[in-house]
Amino acid sequence: MPRRHLHVTGAAEAPLGVALRGLRAELDVPRGFPETVLAEAEAAAKAPRLPARDATDLPLFTVDPPGSRDLDQAMHLARRADGGYRVHYAIADVAAFVTPGGAVDAEAHRRVTTLYFPDGRVPLHPPVLSEGAASLLPSQSVPALLWRIDLDAYGRRVATEVHRALVRSRARLDYATVQQQTDTGTAEEPVALLRDIGRLREGLEAERGGISLRVPEQEITERDGGYHLAFRPPRPADAWNAQISLLTGMAAADLMTAAGTGILRTLPTAPSGAVARLRRSAQALGVDWPHHVSYAALLRSLDPDEPRNAAFLQDCTALLRGAGYTVFTDGNLPVPALHAAVADEYTHCTAPLRRLVDRYAGELCVAAAAGAEPPEWVRTALPGLPRRMAEGTRRANRVERECLDLVEAALLMDRVGEVFAGVVVDVRDDDPTTGTVHLSDPAVIARVDSRSASEPLPLAERLEVRLTAAFPGREKARFVPA
């Protein structure tokens, strides 16, 4: 599910910084790695299990946010003689550094995912691996799972291979650079093809009814003793890059289903009631949603630069909740096996530095491609992975929710008593006097309570509301009708 990205800058002793440290303590977030884990990681960084194949002549490049060092993926894109395309996609081979049952492995199972806070992150693996020896940083030779996916001229997949190989990235690019080079026509062909392939894959996604949410990134910075909130809409290059990851996730799912053993990322179809609620929200926000237009088609048509569209896109993430991981063995595929948003069978396999399950999915795919049985350590851990991932995902979701509350309280702490224009986007079924209000400016979603127990909130209607409380770490932002 796309997350509401947050980034904060400013003094560590500011109220928001203090509250974020308090949240880490409350959630018992690890402050560092045990010495045994660090020692094992240091040793592994110096002596990884190297693959037999050498693909360091392939001029790969990475696309990540500026300053990122935990680089899971690198790619090379090329045209084929028949008019199609060839995608090489290298994924960090974490298993080359992590010994099953060892200290690093046990700690990764405890953490499950990298946790993202507005002022920093808590990594899944020690930085000597995740930001060093195992990362696909430029100009260093790194073990990887190297995918080769051939596409026809329409972007449809026609062949898939994956094997272990030593790789070497040549360039570290960010999204803004890719977008600027593409727009100005200065990108070299492997980079320029990201747009061509990305657009073709977006077209195929639309054909199969897939859903892409272009959720804006939210950045809060200190200004004049207070905080300022701004949305940064995603660039087209973000979506093109995501399509390469989705392509690989679908190819991986096909390999595993053909082999009869694997783990899928599944999501049930959204219930009609949830879609009806979103239609009411769209109406209240002024988003035009004709009845003949599907939910997926509407999302593709929305410009996230428009504040009302950005607000609606945030609301739409609710339909993507409920995703989980489903294991299958002996060819017994789960029912349903599809991910409703992808509109196809799909798995997570492209972020093993940041997500535990991807290491296992990668091993399953390498074995399937070679016609071999998965390693015993994979088969042993597989049944427990869905529960482990569910626990880790719940924790990550709570971190996100709590961070949102803190950021919004910090933004509004000096404005208690002020009146804001908003829209009631949700009302509790068991208590129509309590709901959620979406402000038009600033971009905040928070709780609103009716003035009396006999006065239900007006769902999907515009409403002026007064801020009654907000202080990071003490009081969440709360409103009442003005």
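**Exercise 1. Find the aromatic pairs and sort them by geometry.**

Step 1: the structure holds four aromatic pairs, where rings of Phe, Tyr and Trp (its six-membered ring) pair if their centres lie within 6.5 Å. Planes under 30 degrees apart count as stacked, over 60 as edge-to-face and the rest as tilted.

A word on the ground rules: this is a predicted model, with local features needing pLDDT of at least 70 and side-chain atom pairs counting only at pLDDT 80 or more, while totals for chains, interfaces and linings use all residues. Residues are numbered from 1 along each chain as its sequence is written, and side-chain values use heavy atoms, with hydrogens and water left out.

Step 2: take Trp 289 and Tyr 295, whose ring centres sit 6.2 Å from each other with 35 degrees between the planes, a tilted pair. Both residues are buried (under 20% relative accessible area; exposed is over 50%, partly exposed in between, with a 1.4 Å probe and protein chains only).

Step 3: now Tyr 360 and Trp 377. Their centres are 5.2 Å apart and their planes at 65 degrees, so this pair is edge-to-face. Tyr 360 lies in helix 11 and Trp 377 in helix 12 (residues 376-381), so the pair ties together parts 17 residues apart in sequence. Helices here are DSSP runs (H or I, at least four residues), and strands are too (E, at least two), numbered from the N terminus.

Step 4: check burial. Tyr 360 is buried at 2% relative accessible area, whereas Trp 377 is partly exposed at 23%.

**Exercise 2. Which residues touch the most other members of the largest nonpolar core?**

Step 1: a nonpolar core is a set of buried Ala, Val, Leu, Ile, Met, Phe, Trp, Tyr and Cys residues joined through side-chain atoms within 4.5 Å.

Step 2: the largest one has 50 residues, and Val 87, Trp 147 and Ile 197 touch the most other members. Helix 7 supplies its largest share, nine residues.

Step 3: there's also a second, separate core of 25 residues, with Trp 289 and Tyr 295 among them.

**Exercise 3. Compare two residues with positive phi.**

Step 1: Val 112 isn't a glycine, yet its phi is about 75 degrees. Asp 330, also not a glycine, has a phi of about 55 degrees.

Step 2: Val 112 is in the loop between helix 3 (103-111) and strand 5 (115-117); Asp 330 is in the loop between strand 12 (324-328) and helix 11 (356-370).

Step 3: Val 112 counts as buried at 3% relative accessibility, but Asp 330 counts as exposed at 64%.
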